[in-house]
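Reader: I have not seen this structure before. Please take me through the terms used for it, one at a time.

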Amino acid sequence: MILLPFLGLSLLYKSPLLHYWNKPKWNEMIHFPLTWSGFHQVKIKYFLLIALAINIVTFTPFMIRNGWGFIQDIWLVAIIFSITNAVFEEFIWRGVLLSRFSEQLGDKWAVIITSLGFGLQHYSLGFSWAMCITFSIGGFFYGGVTVQSKSIIPALIWHITFNFLMVFSGLIISNV
């Protein structure tokens, strides 16, 4: 339902619903820690690899704790949830909403607002405030990577991987 007004406006003004449904510009630079400024800059493709590696290292102890049997029991749930959830959330938050807010407010404010909304959305799903703050921070990086690469694809790859790790660590199963 949240997308219907945006679809209507898109049709009315004959503008695309999503500005970020392009081939990623993998060689564009992103800064750390604030995507536009920071003490370090790296190409998007390397940033994504580093982010994925950090996420994997962070979740590995929890996956080991749960054991191989747990992963074998939930692999189908992990595939269905990870892909479906990431596609819908990225389409809504970094696709449509980030596109519209960027037009009206500029990229930085659009990333901040969609990140806060992304975190708050997870509160309505039953996650703790601490987790929602973490999701907002993640949303900030997803948004930054989307704006800097001019594509939703890097954020989608990262989000799918993150969802797999959350399911395999038991974080999602315990909250569903």
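Predicted model: local features only at pLDDT ≥ 70, side-chain atom pairs only at ≥ 80, totals over all residues.

Reader: Which residues have the most contacts inside the largest nonpolar core?

Author: They are Phe47 and Trp158, in a core of 33 residues. Helices H2 (44-105), H4 (129-149) and H5 (153-169) each supply at least two residues of this core. H2 gives the most, with 13 residues.

Reader: What does Phe47 touch, leaving aside its neighbours within four places in sequence?

Author: Phe47 is in contact with Ile30, Phe32, Val42, Phe141, Val145 and Trp158. A second, separate core has seven residues, among them Ala110, Phe140, Val147 and Ile152.

Reader: Why is H5 described as largely enclosed by the rest of the structure?

Author: Because 13 of its 17 residues are buried, H5 is largely enclosed.

Reader: How do you know what span H5 should have, and what do its end C-alpha atoms show?

Author: At 1.5 Å a residue, the 17 residues of H5 should span 24 Å. The end C-alpha atoms of H5 are 24 Å apart, which agrees. Just after H5, Gly170 takes a positive phi of about 95 degrees.

Reader: Why is the pair of Phe59 and Phe162 called edge-to-face?

Author: The angle between the planes is 80 degrees, and planes over 60 degrees apart count as edge-to-face. The rings are 5.3 Å apart, centre to centre, and the limit for a pair is 6.5 Å. Therefore Phe59 and Phe162 qualify as an aromatic pair that is edge-to-face. Phe59 is in helix H2 and Phe162 is in helix H5, 103 residues apart, and the pair links distant parts of the chain. Both Phe59 and Phe162 are buried. A search of the whole structure finds 13 aromatic pairs.

Reader: What makes Phe127 and Phe135 an aromatic pair?

Author: Their ring centres are 5.1 Å apart, within the 6.5 Å that a pair requires. The planes are at 80 degrees, and the pair is edge-to-face. Phe127 has a relative accessible area of 9% and Phe135 one of 8%. Buried means under 20%, so Phe127 is buried and Phe135 is buried. Phe127 and Phe135 also belong to one aromatic cluster, which includes Phe47, Trp93, Phe118 and Trp158.

Reader: How do you know whether His122 is buried or exposed?

Author: His122 has a relative accessible area of 6%, and the cut-off for buried is under 20%, so His122 is buried. His122 is in helix H3 (residues 107-124). Not counting residues up to four places away in sequence, His122 touches Glu89, Phe127, Cys132 and Phe135.

Reader: Which residue lies over the face of Phe118?

Author: Arg94 does, at 4.3 Å from the ring centre. The distance limit for a charge over a ring is 6 Å, and Arg94 is counted as lying over the face of Phe118.

How values were computed:
Residues numbered from 1 in each chain as written. Heavy atoms only, no water. Core = buried A, V, L, I, M, F, W, Y, C linked by side-chain atoms within 4.5 Å. Buried < 20%, exposed > 50% of the residue type's maximum accessible area, 1.4 Å probe, protein only. Helix = DSSP H or I, 4+ residues; strand = E, 2+ residues; numbered from the N terminus. Contact = heavy atoms within 4.5 Å. Expected span 1.5 Å × (residues − 1). Phe/Tyr/Trp six-rings, centres within 6.5 Å; stacked < 30°, edge-to-face > 60°. Lys NZ or Arg CZ within 6 Å of the ring centre and 35° of its normal.
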